[in-house]
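User: I have a structure to go through with you, and I'd like to settle the terms before we get into it.

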Amino acid sequence: MGGTGAPEWLIREDAGQPVLLALYLRQVLGIRSPDELPPLRGIPARVNDRDEESQALLERQWREYWAMTVEPQAHPSPVPLDLVDGFDTMLALPSQGADVLRAAATPHAAEALAFAQSAHARYRRDANPGTGTAYRAYASAIAEHERQVGRRAHSFELNVQVLPLAQRGVWWIGSLTIAVTDGLRGDVAAFDAAIHPIIAELA
């Protein structure tokens with residue numbers, strides 16, 4: 001972060017349990033969108049046997065839930081949220097307009113929660129909080145961008161979700177949020193190259 005009067009940047013990195021949970025449900029419910037985002041590793045996808053109309057309705061409700069999960073401030077629910085039984089406090093869906101998703105998700109509660117908790121714990125273990133490595137990774141990319149463009153970086157915010165996806169890469173999943181594969185995040189040189197275009201776009 002810059003000093004007083006200087007441009008400031010704020011990068012939050014996590015493997016958020018709500019995001020992991022949403023992606024687990026996406027996979028076991030046979031939801032395709034967002035098309036560009038690869039599946040999670042090691043979670044079998046559902047064989048889709050719904051008719052087209054039922055599938056379209058489920059996908060629409062999941063996409064609304066996904067937007068609220070990834071960037072809740074940008075996508076507030078127009079109606080109150082209700083916790084879904086079996087998910088502790090991890091899954092809250094709109095009290096109206098999410099009935100199909102609620103019914104489809106409920107049978108998967110125990111394994112979805114267990115997956116989100118274990119994947120989050122693995123991220124925390126691998127990230128070694130307190131070493132400053134996450135900060136350094138972004139600071140060096142910003143410094144390199146500043147050298148290339150010959151000016152200070154503009155102020156910006158970026159949320160980074162480090163996820164156990166089946167393909168290495170970086171994907172935009174919100175207007176201020178990217179998904180990064182855990183394997184790519186752990187590869188210093190490759191991550192540096194992958195994050196540069198993101199920083200250039202924002203800064």
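Analyst: Two strands are said to pair if DSSP finds at least two bridges between them, and the elements themselves are DSSP runs numbered from the N terminus, with helices being H or I runs of at least four residues and strands being E runs of at least two. This is a predicted model, in which local features need pLDDT of at least 70 and side-chain atom pairs count only at pLDDT 80 or more, while totals for chains, interfaces and linings use all residues. Residues are numbered from 1 along each chain as its sequence is written, and side-chain values use heavy atoms, with hydrogens and water left out.

User: OK, sheet first. What is the strand order in the open sheet?

Analyst: The order is β1-β4-β6-β5, an open sheet of four strands with mixed pairing. The edge strands, each of which pairs on one side only, are β1 (9-14) and β5 (170-172). From one strand to the next the twist averages 25 degrees, where axes are lines fitted to C-alpha atoms (for helices, over the stretch in contact) and angles run from 0 to 180 degrees between N-to-C directions.

User: And β5 with β6, parallel or antiparallel?

Analyst: They run antiparallel, with three bridges joining β5 to β6 (residues 177-181), and the two strands form a hairpin with four residues between them. Val-170 stands opposite Val-180 in β6, and Trp-172 has Ile-178 as its bridge partner in β6.

User: How many bridges are there between β4 and β6?

Analyst: There are five, and those two strands pair in the parallel sense; Asn-159, for instance, stands opposite Thr-177 in β6.

User: How many of β6's residues are buried?

Analyst: Five of its five residues are buried, so that β6 is mostly covered; buried here means under 20% relative accessible area, exposed means over 50%, and partly exposed is in between, with a 1.4 Å probe and protein chains only. Thr-177, Ala-179 and Thr-181 point one way from the strand, whereas Ile-178 and Val-180 point the other way. In a regular strand the side chains alternate between the two faces of the sheet.

User: Switching to α1. How far does it reach from its first C-alpha to its last?

Analyst: Helix α1 (residues 17-28) has twelve residues and reaches 16 Å, close to the 16 Å expected at 1.5 Å a residue, the expected span being 1.5 Å times one less than the number of residues. Eleven of its twelve residues are buried, so the helix is largely enclosed by the rest of the structure.

User: What covers the buried residues of α1?

Analyst: The cover includes α2 (52-70), α3 (99-105), α4 (109-127) and β4 (156-163).

User: Now the glutamines. Is Gln-27 buried or exposed?

Analyst: Gln-27, which lies in helix α1, is buried, with a relative accessible area of 7%. A polar atom of its side chain lies 2.8 Å from the backbone nitrogen of Leu-40; a polar contact is a pair of N or O atoms within 3.5 Å, and within protein one must be able to donate a hydrogen and the other to accept it, with residues adjacent in sequence counting only if both atoms are side-chain atoms.

User: And Gln-55, where does that one lie?

Analyst: Gln-55 lies in helix α2 and counts as buried at 3% relative accessibility.

User: Last one: which residues is Val-70 in contact with, leaving aside its neighbours within four places in sequence?

Analyst: Val-70 is in contact with Ile-173, Gly-174 and Thr-177. Val-70 is found in helix α2, and although Val-70 and Ala-22 are 48 residues apart in sequence, they are 9.2 Å apart in space, C-alpha to C-alpha.

How values were computed: Contact means heavy atoms within 4.5 Å.
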